[in-house]
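Subject: Handing over a structure

Hello,

I am passing on the structure below, and I would ask you to keep it open beside this message while you read.

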Amino acid sequence: MSTKTSTDTGSTGTAQRIADRYVALWNQPDPERRRRAIEELWAADGVHLLQPPADLRERAAELGFTETVLEARGHDALERRVTRAYEEFVGGGEYAFRGHGEAVRVGDAVRLTWVMVRPGEDEVLGGGVDLLVLDRDGRIATDYQFPGL
């Protein structure tokens with residue numbers, strides 16, 4: 001069995017370029033540019049699946065939910081999700097997101113790691129891993145996000 005592992009994705013650019021564009025989106029202050037970036041990165045019916053923080057998972061378990069996943073599907077929902085994260089973490093100037101390490105592509109999947117820092121500082125305050133599954137056009141069909149480094 002041969003599985004091609006690469007940072008080169010042909011016409012869609014490198015895995016690192018996809019990762020860089022993805023991370024930059026979460027820092028984008030201009031709503032119109034943010035929306036345009038979402039439409040360029042994600043398929044029209046693309047989905048972002050987030051493993052919620054431990055406290056939310058614990059509370060859900062207390063209510064009888066065995067699996068808790070937060071979902072944003074389609075450009076409008078993705079825009080709300082990214083905008084909310086921007087407003088909560090980046091908009092006030094307290095934090096910024098950065099890529100961490102090299103993104104890797106295997107087949108139609110790109111794995112990237114990101115961190116949250118204070119602007120101008122290197123101390124990692126948080127972060128996570130995303131697994132992006134791309135469609136035939138090189139757009140994100142499914143984004144699995146796992147916060148917590």
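At least two residues of the lining of the largest cavity come from each of α1 and β6, the latter covering 109–117; helices (H or I, at least four residues) and strands (E, at least two) are DSSP runs, numbered from the N terminus. This is a predicted model, in which local features need pLDDT of at least 70 and side-chain atom pairs count only at pLDDT 80 or more, while totals for chains, interfaces and linings use all residues. Residues are numbered from 1 along each chain as its sequence is written, and side-chain values use heavy atoms, with hydrogens and water left out.

Cavities and pockets

On a 1 Å grid over the protein atoms alone, a cavity is a set of points where a 1.4 Å probe fits but cannot get out, whereas a pocket is an open set with protein on both sides within 12 Å along at least five of seven lines, and lining residues have an atom within 4 Å of a point. The structure holds one cavity of 30 Å³ or more, and the space in the largest cavity comes to about 40 Å³, a volume being the space filled by probe spheres set on the points, which are joined across faces, edges and corners. Sorted by class, the lining of this cavity has three nonpolar, five polar and one charged residue (Ala, Val, Leu, Ile, Met, Phe, Trp, Tyr, Cys and Pro count as nonpolar, Asp, Glu, Lys and Arg as charged, and the others, Gly among them, as polar).

Turning to the pockets, the largest pocket holds about 600 Å³ of space, and 27 residues line it, with L50, R81, F89, Q145 and P147 the closest to its centre. Two or more residues of this lining come from each of α1, β2 (42–50), α3 (54–62), β3 (70–73), α4, β6, β7 (126–134) and β8 (140–147), and α4 gives the most, with five residues. In the lining of the largest pocket, 16 residues are nonpolar, six are polar and five are charged.

The second largest pocket holds about 180 Å³, and its lining is made up of R21, A24, L25, Q28, R33, R36, A37, E40 and L41. Here the elements that give two or more residues are α1 and α2, and α2 gives the most, with five residues. The lining of the second largest pocket has four nonpolar, one polar and four charged residues.

Helix packing

How do α1 and α2 pack against each other? Their angle is about 145° and their axes lie 10 Å apart, where axes are lines fitted to C-alpha atoms, for helices over the stretch in contact, and angles run from 0 to 180 degrees between N-to-C directions. From α1 the contact (heavy atoms within 4.5 Å) takes I18, R21, Y22 and L25, and from α2 it takes R34, A37, I38, E40 and L41. Six of these contact residues are nonpolar, none is polar and three are charged.

Helix α1 (residues 15–27) also packs with α4 (residues 74–90), at an angle of about 65° and with the axes 8 Å apart. In this contact L25, W26 and N27 of α1 meet R81, V82, A85, Y86 and V90 of α4, a group with six nonpolar, one polar and one charged residue.

Helix α2 (residues 31–41) packs with α4 at an angle of about 130°, the axes being 10 Å apart. On the α2 side the contact has P31, R34, R35, I38 and E39, and on the α4 side it has H75, D76, L78, E79, V82, T83 and Y86. By class, there are five nonpolar, two polar and five charged residues in the contact of α2 with α4.

Best wishes
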